[in-house]
There are 2 protein chains.
Amino acid sequence: MVQLQANEDLIESRKRLDAYFHFGVSVDCVVFGYDGENLQVLVIQRGAAPYLGFEAIPGDLVHPEEDTDVATKRVLHDLTGLPDIYLEQLSTFGAVHRHPMGRVVTVVYYALLDKNLYRPKPSSWASEAYWKNLDELGEMAFDHREIIEKAISHLRYKVQHQPLGFELLAEEFTLAQLQQLYETILNTNFDKGNFRKKILSMHLLIPLEKMQKEVRHRPARLYRFDQKRYHQLIQGGFLFEV
Amino acid sequence: MVQLQANEDLIESRKRLDAYFHFGVSVDCVVFGYDGENLQVLVIQRGAAPYLGFEAIPGDLVHPEEDTDVATKRVLHDLTGLPDIYLEQLSTFGAVHRHPMGRVVTVVYYALLDKNLYRPKPSSWASEAYWKNLDELGEMAFDHREIIEKAISHLRYKVQHQPLGFELLAEEFTLAQLQQLYETILNTNFDKGNFRKKILSMHLLIPLEKMQKEVRHRPARLYRFDQKRYHQLIQGGFLFEV
DNA sequence: TTTAGAAATTGTAAAATATACTATAACTTG
DNA sequence: CAAGTTATAGTATATTTTACAATTTCTAAA
């Protein structure tokens, strides 16, 4: 095995490279929610420079001694009060002048969640935190508009090949609710009977002995997504497809 | 529209945040090649500290005034002589101690190419540049081993839903070559006749009036991938599936 | 109590695809 | 020309998808 160079050499090299070590790194979170009708994204209003007063997605600089994955959860919690939810990395944006205060490369994560489970509360330098329909987005801070667009197209693609959608629904849901969600995300229509058959044939849903309540028509059966089964199936080469 | 804060305020904020601006950002490239039998990855041997003498994937620090996308092409060219090929961003690795010389967050890109078209030549601080079979990888510099693993599983996934594989073959190829490639990447076997029918039924291949040469048996027809047709089809909601 | 309305759920026949083979064609080399 | 090797075409069956139609089950109004 090859030896690492002695420590003094490293320090020497590092001095030569000092000009390269003036980047900031930030994390930004695109958090998707769903209100039963529209796909939404969590935005904050900035109470600090730059872009004071602008809408933005939750994000902030990474601490010098902090993994980016860890920073994401801290930042999201600090700004919006959301707890430790599952975030997946989307992409990194590294254009030179994307941040007015210096060179900042941002690592973008995204998450999907059931709106009814969490209520965002602004804190730290976020003066507001609320949900916004995708088609009502206006100008935003930095390149956040572009970031959201990329997250949406990623979501559209991914939702067809992986059972992501369930994270946007309550734990117990009807097939019609699931179908409505897919129709919203993918902007299409499915045949009711065929959608049902397709989804049920995957055996990824556990039918419950409970029915929908408070509807003015025949109530539908409630289902729950079978996470464990899904992981078993993909082990065996199963491909999810809507 | 909200006004940006005055410039002096920004400078003041920046001073408070200076501790956050000591990151380095690097780019790393996982370049896949295919020799007709094995899937391979382009590695260099490091001729500079740290990890002097170790194998690594081509990568280096991003310049202060350089987009990450641009840096990738520069770095790959500087180290291996490869020209401006198409690279796609894979993921970003941001663990605190992944680089011994300081905090370096790396943005990883990957590319697929036909080995016969380009011959890597080491330069700059790369003392060697060569192809290596995936199953012959040993210890590598930094977290590059982990990076390659992630790139492989990404490739395996992606190749099933997008016609990526063609970039690993010569421009003109036979159906058997294409099948062999898919079998290698996905580590399965397809029925010859059925694979042929499936692929041809997508109408993504242009049959040429040319035949394979220099084989000791009946020569096969050559095909070319129809990039234009593919883009038309996905516009209309077409889903590629092997 | 009955009935209309609204979905949920089930069923079905035809069309399209996938699968497992078989048969034949076209080339090279001895 | 025969043997070897792979390409290509074909086919019959099983499976899945699709486009509907029919039936069930609830609420709310009559």
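Biologist: In which loop of chain A is A:Phe142 found?
Modeller: This is a predicted model, in which local features need pLDDT of at least 70, side-chain atom pairs count only at pLDDT 80 or more, and totals for chains, interfaces and linings use all residues. Residues are numbered from 1 along each chain as its sequence is written, while chains are lettered from A and ligands numbered from 1 in the order in which they are written. With helices (DSSP H or I, at least four residues) and strands (E, at least two) numbered from the N terminus, A:Phe142 is found in the loop between β7 (126-133) and α3 (144-158) of chain A.

Biologist: What is the phi of A:Phe142, and is this residue buried or exposed?
Modeller: Most residues other than glycine have a negative phi. A:Phe142, which is not glycine, has a positive phi near 50°. Burial is judged by the other C-beta atoms, placed from the backbone, within 10 Å of a residue's own (buried at 20 or more, exposed at 12 or fewer, partly exposed in between). Because A:Phe142 has 23 C-beta neighbours inside 10 Å, this residue counts as buried.

Biologist: What is the omega of the cis peptide bond that joins B:Ala49 and B:Pro50?
Modeller: B:Pro50 is found in the loop between β2 (39-46) and β3 (55-56) of chain B, and A:Pro50 has its place in the loop between β2 (39-46) and β3 (55-56) of chain A. In chain A, a cis peptide bond joins A:Ala49 and A:Pro50, with omega about -10°. For the cis bond between B:Ala49 and B:Pro50, omega is about -10°.

Biologist: How many residues does chain B give to the contact with chain A?
Modeller: Contact here means that the C-beta atoms of two residues, placed from the backbone, lie within 7 Å. The side of chain A that touches chain B draws at least two residues from each of α1 (7-16), β1 (24-34), β5 (88-93) and β6 (104-112) of chain A, and the largest share, four residues, comes from α1(A). Chain A gives 41 residues to the contact, and chain B gives 41.

Biologist: What kind of axis relates the two copies?
Modeller: The copies are superposed by least squares on the C-alpha atoms of residues with pLDDT of at least 70 in both. Chain A can be laid on chain B with an RMSD of 0.1 Å by a turn of 180° and a shift of 0.1 Å along the axis. The two copies are thus related as by a two-fold rotation axis.

Biologist: At what angle do α4(A) and α5(A) pack, and are they roughly parallel or roughly perpendicular?
Modeller: The axes are lines fitted to C-alpha atoms, for helices over the stretch in contact, with angles running from 0 to 180 degrees between N-to-C directions; under 35 degrees counts as roughly parallel, over 145 as roughly antiparallel, 65 to 115 as roughly perpendicular and the rest as oblique. The axes of α4(A) and α5(A) lie 10 Å apart, and the angle is about 100°, which means that α4(A) is, relative to α5(A), roughly perpendicular. The contact is made by A:Leu175, A:Leu178 and A:Gln179 of α4(A) with A:Lys192, A:Phe195, A:Arg196 and A:Ile199 of α5(A). To restate the values, the packing is roughly perpendicular, at an angle of about 100°.

Biologist: Which helix supplies the largest share of the surface near DNA strand C?
Modeller: A residue is near a strand if its C-beta atom, placed from the backbone, lies within 6 Å of it. There are 19 residues around DNA strand C, and A:Ala176, A:Gly193, A:Arg221, B:Gly193 and B:Arg218 come nearest. Each of α4 (175-186) and α5 (192-201) of chain A and α5 (192-201) of chain B supplies at least two residues of this surface. The largest share, four residues, comes from α5(B).

Biologist: Which helix gives the most to the surface near DNA strand D?
Modeller: Of the 18 residues around DNA strand D, those that come nearest are A:Gly193, A:Arg218, B:Ala176, B:His217 and B:Arg221. The helix that gives the most to this surface, with four residues, is α5(A).

Biologist: How many of the 10 residues of α5(B) are buried?
Modeller: α5(B) is followed by B:His203, whose phi is positive, near 55°. The helix α5(B) lies largely in the open, because the number of its 10 residues that are buried is zero.
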